[in-house]
Amino acid sequence: MKKLFSLDNSLEALSALIAAVAFLAVIWNATIGKHFVIPTMILLLVFYFGNLARAGANGQRWAKHLLFWTFMLAVCHTFFALFWAGSARPGALFGAAFYPLYGGFTVIVGWLCLNYAKRHSLLA
């Protein structure tokens, strides 16, 4: 298995991070929050992103395509949110930090996606 924290496996690392945070959210919701339905939906993120990270790091091409398109969809979502969600709920939630957060995510993850697609010849 290649190193997880490299540009070749950048989306796998991001996916593993999401899975780890979602796992902690499941534990927190089940123990401290005393919720039992919500953690099962969050557990879906753990399995989805965790399995994609594992399969992608093992070089499985289908996982690399799913990782690329999942994160590219997130980039498109945040890009359009920059123009139409400034005063809506995300803009109200983050306040003045909305544009730097969403803009930064769009630029950084967009660059990672394009670099990832180029390194793995996903768009050829």
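A: Start with C76, which sits in helix 3. The model is a predicted one. Helix 3 covers residues 61–84. C76 has a relative accessibility of 34%, so this cysteine counts as partly exposed.

Now compare two kinds of distance. C76 and K64 are 12 residues apart in sequence. In space, their C-alpha atoms are 18 Å apart.

Is C76 part of a disulfide or in none? A search of the whole structure finds 0 disulfides. C76 is therefore in none, and the nearest cysteine sulfur, in C113, lies 8.8 Å away. A disulfide is a covalent bond between the sulfur atoms of two cysteines. The cut-off here is 2.5 Å between the sulfur atoms. At 8.8 Å, the sulfur of C113 is too far from that of C76 for a bond. C113 has a relative accessibility of 0%, so C113 is buried.

A pair of aromatic rings is described by the distance of the centres and the angle of the planes. The structure has 10 aromatic pairs. Take F49 and F71 as one case. Their ring centres are 6.0 Å apart and their planes meet at 45°, so this pair is tilted. The label follows because a tilted pair falls between the stacked limit of 30 degrees and the edge-to-face limit of 60. This pair links distant parts of the chain. F71 belongs to helix 3, while F49 belongs to helix 2 (residues 38–57). The two are 22 residues apart. F49 is buried, at 10% relative accessibility. F71 is buried too, with a relative accessible area of 4%.

Another pair is F79 with F83. Here the centres are 5.1 Å apart and the planes are at 75°, which makes the pair edge-to-face. Both residues lie in helix 3. They are 4 residues apart, about one turn of the helix. F79 is partly exposed, with a relative accessible area of 37%. F83 is exposed, with a relative accessible area of 54%. Ring pairs also join F79, F80, F83 and W84 into a cluster.

F79 has a contact to follow as well. T106 is in helix 5 (residues 98–119). Setting aside neighbours within four places in sequence, T106 touches V75, T78, F79 and L82. T106 has a relative accessible area of 11%, so T106 is buried.

Helix 2 packs against helix 1 (residues 10–31). Their axes are 8 Å apart, at an angle of about 155°. The two helices are therefore roughly antiparallel. Their crossing is left-handed. Which residues meet there? From helix 1, they include E12, S15, I18, F23, V26 and N29. From helix 2, they include I38, P39, L43, F49, G50 and L52.

Definitions and conventions: Residues numbered from 1 in each chain as written. Predicted model: local features only at pLDDT ≥ 70, side-chain atom pairs only at ≥ 80, totals over all residues. Heavy atoms only, no water. Phe/Tyr/Trp six-rings, centres within 6.5 Å; stacked < 30°, edge-to-face > 60°. Buried < 20%, exposed > 50% of the residue type's maximum accessible area, 1.4 Å probe, protein only. Axes fitted to C-alpha atoms, helices over the stretch in contact; angles between N-to-C directions. Parallel < 35°, antiparallel > 145°, perpendicular 65-115°, else oblique. Left-handed = near helix turned anticlockwise from the far one by under 90°. Contact = heavy atoms within 4.5 Å.
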